[in-house]
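Reader: I'd like to learn how to read the features of a model like this one. Can we start with charged pairs?

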Amino acid sequence: MSAVITASPSFGAARGAARLRSATSEHPLVKWGLIGIALAFLSLFLFVPLVAVFFEAFRKGFDAYVAALVEPDALAAIKLTLLAAGIAVPLNLVFGVAAAWAIAKFEFRGKSLLTTLIDLPFSVSPVIAGLIYVLVFGAQGWFGPWLQEHDIKIVFAVPGIILATVFVTFPFIARELIPLMQAQGSEEEEAARVLGASGWQIFRRVTLPNIKWGLLYG
């Protein structure tokens, strides 16, 4: 009798756990339905366009694809892409590291404002960003007459493409490094400073090795 009495609480706990699992777990149809919706969404907006691009590229054969790559327009587009990336990436690298270091390691006025400005490209549509550049640097914009007087072209030219690329991509490195630096803390930098290291030595020998993988990922 005592064995039955002592076993009953564990049996009740097991039944309670089973009821909790059944109440919190989804029905298999719901689970597989959600997975199917996610896969359908990825297929429709990612895989199908990707397959269509490769199909259209190689529809006339590999030789036609190679011939299209060496056309003047294609080479000009490739050069423009490499130029924009070659300028935007170093600028984003410098800004991202500096902003992440300032936000993660120091307390100062305007810190929340700087964080908000970093997130601005995520909340502003690229179309709106392009319209802003037109309103600022266009022929009828704020600096349009001055730019025309000095024969400087920004909108619908290479500088405009570079500015738009920098604006759209500059938050990525900072947003990748800020949580990493905050999690690492500043104890190692403070110890290096106490030992007499300069600011550049601290960054090169302490900070940079700790953030190198996050920097490469960003």
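Reader: Which residue does Lys111 form a salt bridge with?

Author: The general idea first: side chains of opposite charge can pair when their charged atoms come close. The rule here asks for a side-chain nitrogen of Lys or Arg within 4 Å of a carboxyl oxygen of Asp or Glu. Lys111 pairs with Glu107, and their closest N and O atoms are 3.0 Å apart. Bear in mind that this is a predicted model, where local features need pLDDT of at least 70 and side-chain atom pairs count only at pLDDT 80 or more, while totals for chains, interfaces and linings use all residues. Residues are numbered from 1 along each chain as its sequence is written, and side-chain values use heavy atoms, with hydrogens and water left out.

Reader: Is Lys111 buried or exposed?

Author: You read that from relative accessible area: buried is under 20%, exposed is over 50%, and partly exposed is in between, with a 1.4 Å probe and protein chains only. Lys111 has 17% relative accessibility, so it counts as buried. Glu107, its partner, has 70% and is exposed.

Reader: How many salt bridges does the rule count?

Author: The count comes to 3. Another one joins Arg175 and Asp119, at 2.8 Å from N to O. Arg175 sits in helix α10 (residues 171-184) and Asp119 in the loop between α5 (111-118) and α6 (120-123), so this pair ties together parts that are 56 residues apart in sequence. Both ends are partly exposed: Arg175 has 30% relative accessible area, and Asp119 has 25%. Then there's Glu56 with Arg59, whose closest N and O atoms are 3.4 Å apart. Here Glu56 is partly exposed at 44%, while Arg59 is exposed at 51%.

Reader: You keep naming helices. How many helices and strands does the chain have?

Author: Helices (H or I, at least four residues) and strands (E, at least two) are DSSP runs, numbered from the N terminus. The chain has 12 helices and 0 strands. Of its 218 residues, 20% count as buried.

Reader: Where does helix α12 bend?

Author: A bend at a residue is the angle between two fitted axes, one for the seven residues ending there and one for the seven starting there. In α12 (residues 199-217) the bend is about 55° and falls at Leu208, with the proline Pro209 following within four residues.

Reader: What do the buried residues of α12 pack against?

Author: They pack against α4 (72-105), α10 and α11 (187-194). Thr207 is one of those buried residues, with 1% relative accessibility. Contact means heavy atoms within 4.5 Å. Setting aside neighbours within four places in sequence, Thr207 is in contact with Trp101, Met181, Glu189 and Ile202.

Reader: How many residues are in the largest nonpolar core?

Author: A nonpolar core is a set of buried Ala, Val, Leu, Ile, Met, Phe, Trp, Tyr and Cys residues joined through side-chain atoms within 4.5 Å. The largest one has 14 residues, and those with the most contacts inside it include Val97, Ile118, Met181 and Leu215. The elements giving two or more residues to this core are α4, α10 and α12. Ile118 touches several residues beyond four places away in sequence, among them Phe95, Phe170, Arg175 and Ile178.

Reader: And on the outside, which residues form a nonpolar patch on the surface?

Author: A patch takes residues with over 30% relative accessible area and no salt bridge; like charges are joined within 9 Å, and nonpolar side chains (Val, Leu, Ile, Met, Phe, Trp, Tyr) within 5 Å. Areas come from the Shrake-Rupley method with a 1.4 Å probe, and for residues only the protein chains shown count as cover. The patch is Trp32, Ile35, Leu39, Phe41, Leu42, Leu44, Phe45, Leu46 and Phe47, with about 960 Å² accessible together. Phe47 lies in helix α2 (residues 28-57) and is partly exposed at 44%.
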